Amino acid sequence: MPTQTLNLGLLLLPGYQWLDAAGPVDYINSHSRPMISHLPLAPTVLDKAPIMTWHYISKGLTPIRSTSGPLQQPNCTFDTCPPLDYLVVPGADAFEPLPEGCADFLRKLIVDPTFKALLLVCTGSMSVAQAGILDGLNVCSNKLSLKIAAEKGLLNRKVKWVGDRRWIVDGKVWSAGGVTAGIDLAAEFSRVHFDPQIVAIIGDIMEYEPNPAQPDPFSRILDGVDMA
Ligand SMILES: *[C@@H]1O[C@H](CO)[C@@H](O)[C@H](O)[C@H]1NC(C)=O
């Protein structure tokens with residue numbers, strides 16, 4: 001069986017939440033060939049692990065500051081990013097306009113037949129919604145940010161916001177609720193895409209029991225908020 005090679009992107013919006021990026025990226029990448037090659041898995045199982053190449057995407061090549069952690073050096077721009085299989089978008093300020101060129105980048109990406117899925121974490125979905133590519137889709141986001149947006153009259157009502165789940169999948173769009181829900185989304189993504197034995201051993205290494213989409217204890221945040 002030929003080795004599966006995946007090109008994954010991380011969209012670096014200014015001021016993005018570090019855990020939104022680090023959690024899902026590191027969780028997913030833990031299933032890659034170099035990461036699991038030292039584990040007690042049969043060679044036939046190891047052979048099923050994909051090679052993952054991560055690309056760090058921004059408007060330019062100026063390092064991007066997140067909420068905490070080290071500066072992240074982008075290594076491609078909206079114009080130079082290689083073709084992607086998957087793109088992870090961590091949350092940033094939901095009310096900031098997307099950087100110049102970002103909406104076009106996202107619109108081209110989503111219709112590319114070789115592009116497989118967008119993984120939106122926390123307010124990443126509210127930012128990406130500005131490009132119009134989430135219109136009509138069921139999408140999760142940070143619930144407190146959705147509430148604030150609804151109360152300020154700033155909620156993008158073309159999107160079917162889902163307030164009672166930790167994550168949801170609609171077509172090519174995988175989206176999570178606030179911050180830590182991104183790790184549950186990454187765990188579900190891994191369960192669906194990677195070999196079950198690899199997924200099981202990575203679950204043990206992470207010592208994490210992924211939360212199901214429901215019940216979602218944080219759905220209370222949106223009780224009584226009109227999101228339709
Ligand atoms: C970005 O850096 C990673 C290594 O951290 C590398 O694998 C990848 O090919 C680089 N992407 C580009 C577009 O240079």
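**View 1. Contacts of Leu 118 in the predicted model.** In this predicted model, Leu 118 touches Leu 87, Val 89, Ile 110, Val 128, Ile 133, Lys 172, Val 173 and Trp 174, with residues up to four places away in sequence left out of the list. Leu 118 and Leu 87 are the residues that touch the most other members of the largest nonpolar core, which comprises 66 residues. Another core, of nine residues, lies apart from it and includes Val 45, Ile 198, Ile 201 and Ile 202.

View 2. Leu 98 is located in the loop that runs between β4 (86–89) and α4 (102–111). Leu 98 is classed as buried because its relative accessible area, 14%, falls under the 20% cut-off. Beyond residues up to four places away in sequence, Leu 98 touches Leu 13, Ala 103, Leu 106, Ser 127, Gln 130 and Ala 131. Leu 109 is eleven residues from Leu 98 along the chain, and the C-alpha atoms of the two are 15 Å apart.

**View 3. Residues surrounding the ligand.** Thr 53, Trp 54, His 55, Asn 75, Cys 76 and Pro 82 surround the ligand. Strand β2 (residues 51–58) supplies the largest share of this shell, three residues. The shell consists of three nonpolar and three polar residues, with no charged residues.

**View 4. Polar atoms at the ligand.** The side chain of Asn 75 places an N or O atom 2.2 Å from an oxygen atom of the ligand. The protein buries 50% of the 370 Å² that the ligand exposes when taken alone. A nitrogen atom of the ligand lies 2.8 Å from a polar side-chain atom of His 55.

Notes. Residues are numbered from 1 along each chain as its sequence is written. This is a predicted model: local features need pLDDT of at least 70, side-chain atom pairs count only at pLDDT 80 or more; totals for chains, interfaces and linings use all residues. Side-chain values use heavy atoms; hydrogens and water are left out. A residue is near a molecule or strand if one of its heavy atoms lies within 4 Å of it. A polar contact is a pair of N or O atoms within 3.5 Å; within protein, one must be able to donate a hydrogen and the other to accept it, and residues adjacent in sequence count only if both atoms are side-chain atoms. Accessible areas come from the Shrake-Rupley method with a 1.4 Å probe; for residues, only the protein chains shown count as cover. Helices (H or I, at least four residues) and strands (E, at least two) are DSSP runs, numbered from the N terminus. Ala, Val, Leu, Ile, Met, Phe, Trp, Tyr, Cys and Pro count as nonpolar, Asp, Glu, Lys and Arg as charged, and the others, Gly among them, as polar. A nonpolar core is a set of buried Ala, Val, Leu, Ile, Met, Phe, Trp, Tyr and Cys residues joined through side-chain atoms within 4.5 Å. Buried means under 20% relative accessible area, exposed over 50%, partly exposed in between (1.4 Å probe, protein chains only). Contact means heavy atoms within 4.5 Å.
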